Amino acid sequence: MPRKIIIDTDPGQDDAVAILLALASPELEVLSLTAVAGNVPLALTQKNARIIVDLAGRQTPVYAGCDRPLTRPLVTAEHVHGKTGLDGIPLPDPTHPLQPQHAVDHIIDTLRAHPAGTITLCPLGPLTNIATAFTRAPDIVPKVAEIVLMGGGYFEGGNITPAAEFNIYVDPEAADIVFKSGAPLVVMPLDVTHKALTSRPWVEGMRALGTPVGQAVASWTDFFERFDTAKYGSEGAPLHDPCVIAYLLQPALFTGRHINVEIETGSELTLGMTVADWWHVTGREPNAMFMGGVDREGFYRLLTERLGRL
Ligand code: BDR
Ligand code: CA
């Protein structure tokens, strides 16, 4: 039986690759995509989610959720993802419709309608939708099988401030709610994703697939690679969000520790930092499987094989 997942997302080129990887994988049943404001405003993230569903030739329902963080003004990342969020290749406007229901209501209804332990949440953006659902309907929290999310960073520091990673920084109050919720958490921080760097042969391999999906993935990578290579001085760019889906498919690709992780919501200097007790120095209860390593070759092998199916 495929594992049922809801992907909560703010596409974003790397979100797009993650969604395509999930849609290409028979081990996963993607119940829905729920859009949230993040990389670009909600009007664009929900539209981009529908463009990606069209590109994959699927009918996965798309819902629009929260258009701003719980208590703060929205911070976006057009400097990384471009004006549309999916810059790199021109794609047609979506034909796939937007569902009328709010994403938060959809998440609540879906968890209530399924037996406990059967739905995995995969947040790839700020945690606003998930935190709102948990606050409005605390009864759904124990029903969540697992939350596997991209966010945070510890040894690697931050990518939007020296201390904070973008997804957590945009809505630290939401992240705090999710990290304290008690739901089983698996975290893919920058410590992992900065090791999942694209390579030229991989990008050219995507292009050589000769499919619309291969062409899009290669063009997106070319687009954001320019930003990342300039910023980090690395060869290639990190494919952050696909790490979440790759973990669901092949958990052995990743290594980490079950530790306590708390979110900084007070200090202006370190707002949104994921304070990870990697060395178990606090005695605080572990609440998250915090990943640190990835088998890069295996990760890209998986991506190539799966994206080639679309
Ligand atoms: C995260 O922020 C976004 O820019 C990416 O889509 C990813 O989810 C990386 O910090
Ligand atoms: Ca994202």
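This is a predicted model: local features need pLDDT of at least 70, side-chain atom pairs count only at pLDDT 80 or more; totals for chains, interfaces and linings use all residues.
Residues are numbered from 1 along each chain as its sequence is written, and chains are lettered from A and ligands numbered from 1 in the order in which they are written. Local features need pLDDT of at least 70, side-chain atom pairs count only at pLDDT 80 or more, and totals for chains, interfaces and linings use all residues, while side-chain values use heavy atoms, with hydrogens and water left out.

**Exercise 1. Work out which residues hold the calcium ion (ligand 2) and where Leu124 and Asp241 sit.**

Step 1: list the donors, meaning N, O and S atoms within 2.8 Å of the metal (3.2 Å for Na, K and Ca); water is not among the atoms, so sites may look incomplete.

Step 2: read the spacing along the chain, which is D-x4-D-x108-L-x116-D. Leu124 is in the loop between β5 (119-123) and α5 (128-136), and Asp241 is in the loop between α10 (212-232) and α11, so this pair, 117 residues apart, links distant parts of the chain. Helices here are DSSP runs (H or I, at least four residues), strands likewise (E, at least two), numbered from the N terminus.

Step 3: check burial, where buried means under 20% relative accessible area, exposed over 50% and partly exposed in between (1.4 Å probe, protein chains only). Leu124 is buried at 1%, and Asp241 is buried at 2%.

**Exercise 2. Describe how α1 packs on α11.**

Step 1: get the geometry. The axes are lines fitted to C-alpha atoms, for helices over the stretch in contact, with angles from 0 to 180 degrees between N-to-C directions. For α1 (residues 13-23) and α11 (residues 242-249), they come within 7 Å and cross at roughly 20 degrees.

Step 2: name the arrangement. Under 35 degrees is roughly parallel, over 145 roughly antiparallel, 65 to 115 roughly perpendicular and the rest oblique. So α1 is roughly parallel to α11.

Step 3: find the touching residues (contact means heavy atoms within 4.5 Å). α1 brings Asp14, Val17, Ala18, Leu21 and Ala22, while α11 brings Pro242, Ile245, Ala246 and Leu249.

**Exercise 3. Is Thr60 buried or exposed, and what does Thr60 touch?**

Step 1: locate Thr60, which lies in the loop between α2 (42-56) and β3 (62-64).

Step 2: read the accessibility. At 8%, Thr60 counts as buried.

Step 3: list the neighbours. Leaving out residues up to four places away in sequence, Thr60 touches Leu23, Val30, Leu31, Ser32, Leu33, Val53 and His96.
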